[in-house]
There are 4 protein chains.
Amino acid sequence: MNKRKIINDPVYGFITIPSDLVFDLIEHPYFQRLRYIKQLGMTHLVYPGALHTRFHHALGAMHLMKLSIEVLRSKGHEITQHEEEAVTIAILLHDVGHGPFSHALEHTLVQGLSHEHISVMLMDRLNQQFNGQLTTAIEIFNGTYSKGFLHELVSSQLDMDRLDYLNRDSFFTGVSEGVISSDRIIKMLNVKDGHIVIEEKGIYSVEKFLIARRLMYWQVYLHKTVIAAEQLLVKILQRSRQLVTNGKTLFATPALAYLLTNTITSDALMKADHHLEIFTALDDTDIMSAVKVWATNEDFVLAKLCTDFVQRKLFHVDITAQPVSEGYVDELLEKAADKYKISKAEAGYFVFSDSIRNDAYQPGDGNIRILMKNNTIIDIAAASDNSNLEALAKTVKKYILCYSKDLLISD
Amino acid sequence: MNKRKIINDPVYGFITIPSDLVFDLIEHPYFQRLRYIKQLGMTHLVYPGALHTRFHHALGAMHLMKLSIEVLRSKGHEITQHEEEAVTIAILLHDVGHGPFSHALEHTLVQGLSHEHISVMLMDRLNQQFNGQLTTAIEIFNGTYSKGFLHELVSSQLDMDRLDYLNRDSFFTGVSEGVISSDRIIKMLNVKDGHIVIEEKGIYSVEKFLIARRLMYWQVYLHKTVIAAEQLLVKILQRSRQLVTNGKTLFATPALAYLLTNTITSDALMKADHHLEIFTALDDTDIMSAVKVWATNEDFVLAKLCTDFVQRKLFHVDITAQPVSEGYVDELLEKAADKYKISKAEAGYFVFSDSIRNDAYQPGDGNIRILMKNNTIIDIAAASDNSNLEALAKTVKKYILCYSKDLLISD
Amino acid sequence: MNKRKIINDPVYGFITIPSDLVFDLIEHPYFQRLRYIKQLGMTHLVYPGALHTRFHHALGAMHLMKLSIEVLRSKGHEITQHEEEAVTIAILLHDVGHGPFSHALEHTLVQGLSHEHISVMLMDRLNQQFNGQLTTAIEIFNGTYSKGFLHELVSSQLDMDRLDYLNRDSFFTGVSEGVISSDRIIKMLNVKDGHIVIEEKGIYSVEKFLIARRLMYWQVYLHKTVIAAEQLLVKILQRSRQLVTNGKTLFATPALAYLLTNTITSDALMKADHHLEIFTALDDTDIMSAVKVWATNEDFVLAKLCTDFVQRKLFHVDITAQPVSEGYVDELLEKAADKYKISKAEAGYFVFSDSIRNDAYQPGDGNIRILMKNNTIIDIAAASDNSNLEALAKTVKKYILCYSKDLLISD
Amino acid sequence: MNKRKIINDPVYGFITIPSDLVFDLIEHPYFQRLRYIKQLGMTHLVYPGALHTRFHHALGAMHLMKLSIEVLRSKGHEITQHEEEAVTIAILLHDVGHGPFSHALEHTLVQGLSHEHISVMLMDRLNQQFNGQLTTAIEIFNGTYSKGFLHELVSSQLDMDRLDYLNRDSFFTGVSEGVISSDRIIKMLNVKDGHIVIEEKGIYSVEKFLIARRLMYWQVYLHKTVIAAEQLLVKILQRSRQLVTNGKTLFATPALAYLLTNTITSDALMKADHHLEIFTALDDTDIMSAVKVWATNEDFVLAKLCTDFVQRKLFHVDITAQPVSEGYVDELLEKAADKYKISKAEAGYFVFSDSIRNDAYQPGDGNIRILMKNNTIIDIAAASDNSNLEALAKTVKKYILCYSKDLLISD
């Protein structure tokens, strides 16, 4: 059987599967499930094209890895066949631990379990199944492999993950502000003192990359309506879990039912195989099919939240530079309790505040090194005398206030 | 509230919502459900980008309609504001009757109910809700409105539906062979003798459109693996229905459960509102979430079919110019019965034959008229002395043989 | 004769000629000559695709104007048919006064004559020929027309000129860092207090536009090799003129010969028609064909400069933040005089310094106004709390040192 | 000095110069002159973006060659480093013998000298200068090298030349009908029995390529206005040559003047070096600068032809399936002689007929072989049972009648 398939990709044209082992990993159910987990959750409610999956993103990042390896080799850096396959697998599986609607779930049903952590667990499991063939890939992923720059291609401030997700998210949302020149950035990659560096003339492309990333934060990842949808899903999952805890039975697939009933800790996940099996059985369709059914539930809070979700009556969201006044939140809570004839505690499902932040670039942490023509290395934030990257280096923290649109006096 | 929203579209850049009525129709649950119905069903198993929905397609077709109206007006044809809104609504809602995985469902759960028919029913219902504001739109859709060319923009061999789906399917699959010059075709539109015509110098663009359509048939719509996935879904739905008929209870959302249990005829749909409500509650997630659960069902046939589906072990498909020999099918049936320890009747879920066809262009039926420079009108197939369109006019019928890959001796 | 032509444009797809008058202006020899004047001079020596002309740019800017007018009208601002045609003509002709290799020529053969000035003169001449039909267009161009916002669409910090040239230069150079979302910016245009404003949610697109412009400056417009080619051309024209002044005869087209011999002042241009005729007879081919012939001239300096130009042996260029040391320049001059056996004065053709600057955005001067949701207007530089536009607001001045590559010790 | 440059290309993103020798060849004046020779001559009068040069096309074809070599190697076919460089050089230089406005010149000033022939002569000359390093490249180009498939990559019905020029011409004209999937075609390349073959599943891409090529013929290469411009240039060059033969002196660069005065035969070119030097001194600017000056020549015929050319008053062209009636031509000749007060012989500059032909695909001659899954090879025209390629295989011959627009009764 020919396993060197070519996959069409609207972003890069074609993606080639480089080896039999990689093909077998892609065919594995752990990886195939990523076909049903959207990269950007409910963002498609704002940008209808944003339906691309973690499956496609992982393939895209793998494709960019191949280009990067070619460039580094052409500049004289030795990367063996085995290392190439290992770093390819590391990037392919870097997100394999993602569940559906990751951010919402990590705040509700699988609290305390990060997707990075689950990715490592799944890779270990696969390594057993594939007789140790993933050992080097896992070392690269964990940053313990001798050639440190390979890890940086998988995880750093300018890794294949970020290059692909900016390209891909920009492409499928249609937000051209996020377009980056990944081709050019990759052509400028080099290795110096064991680290990935960018050659000096790639400086503008990197700058553009950082700016594009920031613009994508504000236009897509932290878009008001996207936040509104995500927060609504959080509230739905919180309520459903509370009802189940209180003894109610809710329609759900077996995997979702299990997570609504049980608390899975990191320890539990490691000890019992069936926990991992349940987690990997879950995808976007489990959540969406349940939410639709819950819209007619007898519990007012759950039914109202789910109906609003299905009919796309999302929360009203205010984004502000200052924290929201507690008095104002309280006032809205009263209003909600009054309007819906529910307790003030229950009103908290319809009125609440939170904070969001955007870290476009953090100097010092897996930072971006520029290789100057005089052979010295400096941080990107210092490299350009035209630069406004200091502004980018600042974390921007903002506050959000969400509440049901019913509570708006007028629109 | 501002209802003149702008929607990002990776295909055309931006789509503008032209009026409050159109906005309200888009917000309606009947239309919002199209967000969860993929335009190309399981095609994403072959082309991972092909996740675009009927929601996005309908908006895209609406956008092209706007461009067409502008062109026709600039050439002196009167189209009133009211007519513009009506034809916009007609194209927006042309596919509103689609259910999930239409072709599979129309062969199983909603037999005898075409999506065109359900579209008309839903439009009528909407017309009631919107106090008759859709009356002209429905007349245009049905072809009974006085200006016949408006109907042709909605439904003919060169309508906005086809222009958009070729563009969109080509874009999201990444199959560039399907790219068409919809811009140019639209610039060449005109009206003559009450019919839509294409001006002579658009002849090559039309020819390219017809060829692109044919190429998309063979590379996408009738792609072996796409057929394999669709047929597997058909078999799953047939088996699940049979089990339910035999009294088994299967996990399903209420809407899906209803369809598994009851036979909804066209008459029934019209008479009882709740039938329509059930139908419009259904989307891709109902099917997908059930199939995953059924993979562990105690019925061997259902469990095997669903496991193969989830793990992407699709049928082997042979496409041939001649019908499949009955003897060969029988041989495979025996083999399957033997291998799976099932009856030969049950083996029919794993071995079967069928036929497929591709009609790129049918002269005579809503045909494409070319307006020559000498002001005569001729059919596209006759217009070009360079033409190979006669070949396109022929229907190509092919035969398929599907069977489980387990029955292959070797790959 | 049908004058409503459609022109193919790789950047926007199609450009429509909106009226007979506009068609006739495009056909006029003053405008047709722009077909032979490249937008970016010798930039194609670095970016081989950058061969696009001022002709195509003017059509592109006209196309964007059409889109802008549509948007403003849809927001309730009255723009009459006559005004639309006038502002269309104003943008179409905004660069009609450009000669070949504008920057080089303005520093040599037509000193003291800016292209803006010549544009106005040519528009006046056309207005006579077209019986006053351009009067409103000229008023808009000059900023004296009552509706001031029309002038801002033609000339301001976010006018159709800039939107098109960034799009077009980015497209043809292949420098994707310069890609801007002109579609989105235009959708966000509005008029408030008589001025063009951008609606608040367009803020990121504007920011991206300003950043793209800055990146284009450093990657394209002020690219080292582009500067090197332009400076070489300046030196060639200076030398040729000096030789002619000294009585030598050089091969040249009549138009070029006239400019080498005569000094045309602004006054002279206005008084004598034939001066304008000579100027408008000139295009890129006059310069390029002469330089090739001069490469074998008996004058060493001219021959050497032209040979270097033809064989693409361009100056070495250093760009520095500080002015070049006079001592170093002097040293290089000595070296050149010595190497080429020429006088130190003549060595100045091969060694010289200069300065360059990039003004991405100047607050206060035709500045970019943002219309906030609360209906107030603020400057873009103040509008975004995420903004790093203050950095953009600073003019960056740099110093260049150019000298023949023969004088490099090694490369 | 770093010679492994990266060149921006709007079509493919980036083109990498693979070796020092290739860099030196690109820098050579023979190759640099291609910067000033447009790929499509006067086509930019119809498609203003079509200013791309033979320089850029040669680089693009080189880029596709690199991709093809990679694909063939990945399929197990040995191609040595030396062979890779040789085939790269062969494709880089395949068009180096082109002069300006090739078709026009080959019918006038350099009659009997094909550009293929001159390419070979220039390669031989370069081989001497580069000490025999081009020997293998020349063998590949001439088809005498042992591995015949390398020649087929340079010259056959599906070579890198055609793949690039269709891509490039389509891109810069903006005629999207010409877009081809060169990526996919290249991925499908293989070698069988010593010949380049396309794997079966690339069949639709090849079909699309052939159709795109045909559409480009009728929409671009044989576009009426393009023919009109080219024929006008032919007539200008014929007239100017006749005047010079009759003893008149015309403004011209030395290189053009030589060609107007002397007849250079193939033999002469080979024997005398200066003939080749003169030929390679010529580019588009020599022709264009002269034509502008000749527009005011005292000879009525030359001045009229050149004025029409400069002001874009091109010939009227009729394209017909049947030869033009001699009587009608004669009638027009009389009319022209009468109108312009010239002899009937001179009228032949303003009225004439000719024929054109489009050969999209010729089976048998460097034909396209498809490698079927059963490992047999068949011709593309036979490979597809869906095919309409037989129609493509027919040569379409058409007849043109050109005459000055002054002779039209009305437009």
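First, some housekeeping. This is a predicted model, where local features need pLDDT of at least 70, side-chain atom pairs count only at pLDDT 80 or more, and totals for chains, interfaces and linings use all residues. Residues are numbered from 1 along each chain as its sequence is written, chains are lettered from A and ligands numbered from 1 in the order in which they are written, and side-chain values use heavy atoms, with hydrogens and water left out.

**Stop 1: chains A and B**

Select chain B and chain A together. Here 41 residues of chain B are in contact with 41 residues of chain A (contact means heavy atoms within 4.5 Å). As for size, an interface is often described by the accessible area lost when the parts come together. For chain B and chain A the buried area is about 3400 Å², with carbon and sulfur atoms giving 61%; that is the accessible area (1.4 Å probe) that two parts lose on being put together, summed over both.

How many salt bridges does the rule find across the interface of chain B and chain A? Six, where a salt bridge is a side-chain nitrogen of Lys or Arg within 4 Å of a carboxyl oxygen of Asp or Glu. Zoom in on Lys292(A) and Asp283(B), whose side chains form a salt bridge at 3.1 Å, N to O.

Now color chain B by element. Those giving two or more residues to the side that touches chain A are strand 1 (6-9), helix 2 (29-32), helix 3 (54-74), helix 9 (160-173) and helix 16 (284-294) of chain B. Helices (H or I, at least four residues) and strands (E, at least two) are DSSP runs, numbered from the N terminus. Helix 16 of chain B gives the most to this side, with six residues.

**Stop 2: helix 4 of chain C**

Jump to residues 81-92 of chain C. Helix 4 has 12 residues and reaches 16 Å from its first C-alpha to its last, close to the 16 Å expected at 1.5 Å a residue (the expected span is 1.5 Å times one less than the number of residues). Helix 4 of chain C is mostly covered, with nine of its 12 residues buried; buried means under 20% relative accessible area, exposed over 50%, partly exposed in between (1.4 Å probe, protein chains only). Among the buried ones are Glu83(C), Glu84(C) and Val87(C).

**Stop 3: two buried residues**

Pick Lys38(C), in the loop between helix 2 (29-32) and helix 3 (54-74) of chain C. Lys38(C) counts as buried because its relative accessibility is 15%. Leaving aside neighbours within four places in sequence, its contacts include His44(C), Arg54(C) and Asp284(C).

Next is Ser240(B), in helix 12 (residues 224-245) of chain B. At 0% relative accessibility, Ser240(B) is buried too. Not counting residues up to four places away in sequence, Ser240(B) touches Leu250(B), Leu260(B), Trp294(B) and Leu302(B).

**Stop 4: two positive phi angles**

Most residues other than glycine have a negative phi. Lys341(C) has a positive phi of about 55° although it is not a glycine. Find Lys341(C) in the loop between helix 18 (326-340) and helix 19 (344-347) of chain C; its relative accessible area of 72% makes it exposed.

Finish on chain D with Asn131(D), a non-glycine with a positive phi of about 55°. Asn131(D) sits in the loop between helix 6 (115-129) and helix 7 (135-142) of chain D, and at 69% relative accessibility it is exposed.
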